[in-house]
Amino acid sequence: MTTAVTIPRTGGTGGQTAVAARARQVVKAYGSGETRVVALDHVDVDIARGRFTAIMGPSGSGKSTLMHCLAGLDSVTSGQIYLDETEITGLKDKKLTRLRRDRIGFIFQAFNLLPTLNALENITLPMDIAGRRADKEWLDRVVRTVGLAERLKHRPTELSGGQQQRV
Ligand SMILES: Nc1ncnc2c1ncn2[C@@H]1O[C@H](COP(=O)(O)OP(=O)(O)OP(=O)(O)O)[C@@H](O)[C@H]1O
Ligand SMILES: [Mg+2]
């Protein structure tokens, strides 16, 4: 069983609804036949806006699967996912890509950094793809806050696990 715990944090996110993300009767099955695994079995969850939510459960219980589905990184077998008022399970590829790029930040369990890009290039990659420039002051502040200022020119293999995750 997977459990969601929410902890209040300071600072609003400026959104409209009290619930930032919702899952309704979400089923995610991998594979077929004998190797079929039902990772999510009719999951209903509300993720409150402006709070930290921790999803807890044993290894293999479906935490990463739930996160991937909530963020529109993976498709669901059935059920609905909403971000604000948008049902993302009904979106076509192009709209989903744009929504992921503009509205979702995701730290992967396996970091998924591009090995040929340095830390700074990996950080700004989504904006580069979108054809936008990062606000330099904000970028500096974020980088300093997470302690990466001295490692921006390093490639992922030259970073510690924690540094890679913060990138
Ligand atoms: N691509 C896949 N193909 C088949 N089965 C998968 C796939 N990805 C995950 N699974 C299965 O789905 C179940 C849920 O996996 P998931 O990665 O969501 O677990 P988790 O709760 O994040 O585990 P951990 O705490 O170990 O990270 C597991 O039993 C896993 O074996
Ligand atoms: Mg996981």
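**Domains.** I looked up the spacing of the domains in this predicted model: the C-alpha centres of domain 1 and domain 2 lie 26 Å apart. Domain 1 covers 3–102 and domain 2 covers 119–166. These bounds come from an automatic or database domain assignment.

**Ground rules.** I noted that residues are numbered from 1 along each chain as its sequence is written, while chains are lettered from A and ligands numbered from 1 in the order in which they are written. Local features need pLDDT of at least 70, side-chain atom pairs count only at pLDDT 80 or more, totals for chains, interfaces and linings use all residues, and side-chain values use heavy atoms, with hydrogens and water left out.

**Magnesium.** Next I checked ligand 2, the magnesium ion. Its protein donors are Ser 64 through OG and Gln 109 through OE1, lying 2.1 Å from the ion. Donors here are N, O and S atoms within 2.8 Å of the metal (3.2 Å for Na, K and Ca); water is not among the atoms, so sites may look incomplete. Ser 64 sits in helix 1 (residues 63–70), and Gln 109 in the loop between helix 2 (93–103) and helix 3 (119–130), so the pair ties together parts 45 residues apart in sequence. I took helices (H or I, at least four residues) and strands (E, at least two) as DSSP runs, numbered from the N terminus.

Gln 109 is exposed, at 65%. The cut-offs are under 20% for buried, over 50% for exposed, and partly exposed in between (1.4 Å probe, protein chains only).

**Ligand 1.** I then listed the shell around ligand 1 (a heavy atom within 4 Å). Its residues include Tyr 30, Pro 58, Lys 63, Ser 64 and Gln 109. Helix 1 gives the largest share, three residues. Strand 3 (37–48) and helix 1 each supply at least two.

I went through the polar contacts (N or O pairs within 3.5 Å; within protein, one must be able to donate a hydrogen and the other to accept it, and residues adjacent in sequence count only if both atoms are side-chain atoms). A polar backbone atom of Ser 64 is 2.9 Å from a ligand 1 oxygen. For a polar side-chain atom of Gln 109, the distance to an oxygen of ligand 1 is 2.9 Å. Taken alone, ligand 1 exposes 640 Å², and the protein buries 59% of that. Areas come from the Shrake-Rupley method with a 1.4 Å probe; for residues, only the protein chains shown count as cover.

**Lys 28.** Last, I looked at Lys 28 in strand 2 (residues 19–30). Lys 28 is buried, at 7% relative accessible area. Leaving aside neighbours within four places in sequence, its contacts (heavy atoms within 4.5 Å) include Val 38, Cys 69 and Asp 74.
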